[in-house]
Amino acid sequence: MNVLRQAVSDQLFRHSITRHRSRLGWRDAPRYSTDWEACRKAMAAPLPDPGELATNIDDFKRDGVTSFHSSVTQTIARSMAVTLAKREAAGETIWQGDPETLGGNRYAGEVWRDFPELEGLFRADLGVFLQHYFGCYFRIWFALLYRNSPKREIRMGSQRWHSDSGPGSCVNVMFYLDETTPEDGPLEALPWKEALSIFRTERSALRGRLEQEDAAGDRNGALYDHYERVISERHRNEVVQPHGPAGLVVPFLNNTLHRGGFPQPGHTRTALVVSLLSRTLCNAL
């Protein structure tokens, strides 16, 4: 790629990620923005009263990360935790193995079947929050339940700073079943303004190094190192790590820089992670 083509490609990437909040690129990212706008225009019913979530909704629209909890979310979290504890005590296999030894054990059952109380989560506080952010109904892309425990002394994969690089209309949600502290390894996220500033310069900053790493088959390693270095040097004070009581809900943009799942020795993290997109149909689930 010559210098002029590189400059044009970089400009298109910067414009696309700024406009669409997506790393999918200027060809694909606009399709999801167009679909999201169509969902908003098709929304005939009034949005529910945001109540105490109004501040969280505004914070999320600006920063791409927030957190909240209520008696409803706490009750659901405790119910799920009790179910897991009873089944573990009965000798059931609750968690799948961790072949990569990253410390993340995926739930061995079917989340929606085994925890019907989850529907209440999306029809109460979280549902209100999501409808106000999307400006329409929403659909659940996938939901996974994990238990993280310390397995390595260094971070690997999603434990390092990264972006999921999905549609700009995608929202991820962490739902913690137990009380969390920083030592339990809850999600860390960089607000969108700071993440965007890193994305807009990463191509020029990494071009030569990425080409070398590509040849060695380790492109992500160079990218992760770059994110770690820039955040540590320039944005350490902007990093947020929500933690608190059981039932804490932590929405964050799929594409903002984030990392998680790295508990300290003697600590664990049990959480449901959900990805959601906008939807035109009345049924939010």
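## The buried face of helix 1

Helix 1 buries Gln6, Asp10, Phe13, Ser16, Ile17 and His20. Buried means under 20% relative accessible area, exposed over 50%, and partly exposed in between, with a 1.4 Å probe and protein chains only. Seen down the axis of helix 1, the buried residues fall within an arc of 135°, so they line one face of the helix. The arc is taken from the directions from the helix axis to the C-beta atoms. An α-helix has 3.6 residues a turn, so residues three or four places apart point the same way. On the other side of helix 1, Leu4, His15 and Arg19 are exposed.

Helix 1 covers residues 3-20, 18 residues in total. Its first and last C-alpha atoms are 26 Å apart, close to the 26 Å expected at 1.5 Å a residue. The expected span is 1.5 Å times one less than the number of residues. Helices (H or I, at least four residues) and strands (E, at least two) are DSSP runs, numbered from the N terminus.

## Basis of the model

This is a predicted model: local features need pLDDT of at least 70, side-chain atom pairs count only at pLDDT 80 or more, and totals for chains, interfaces and linings use all residues. Residues are numbered from 1 along each chain as its sequence is written, and side-chain values use heavy atoms, with hydrogens and water left out.

## Two positive phi angles

Arginine 21 follows helix 1. It sits in the loop between helix 1 and helix 2 (29-42). At 19% relative accessibility, arginine 21 counts as buried.

Serine 165 lies in the loop between strand 2 and strand 3. Its phi is near 55°, also positive in a residue other than glycine. At 28% relative accessibility, serine 165 counts as partly exposed.

## The sheet and its helices

Five strands form an open, antiparallel sheet in the order 1-2-7-3-5. Two strands pair if DSSP finds at least two bridges between them. Strand 1 (104-106) and strand 5 (249-253) are the edges, each pairing on one side only. Neighbouring strands are turned by 30° against each other on average, direction ignored. Five bridges join strand 3 (residues 171-176) to strand 5. Valine 171 has leucine 253 of strand 5 as its bridge partner.

Helix 4 (residues 71-89) lies across strand 2 (137-148), strand 3, strand 5 and strand 7 (269-279). Contact means heavy atoms within 4.5 Å. Helix 4 runs at about 65° to strand 3. Axes are lines fitted to C-alpha atoms, for helices over the stretch in contact, and angles run from 0 to 180 degrees between N-to-C directions.
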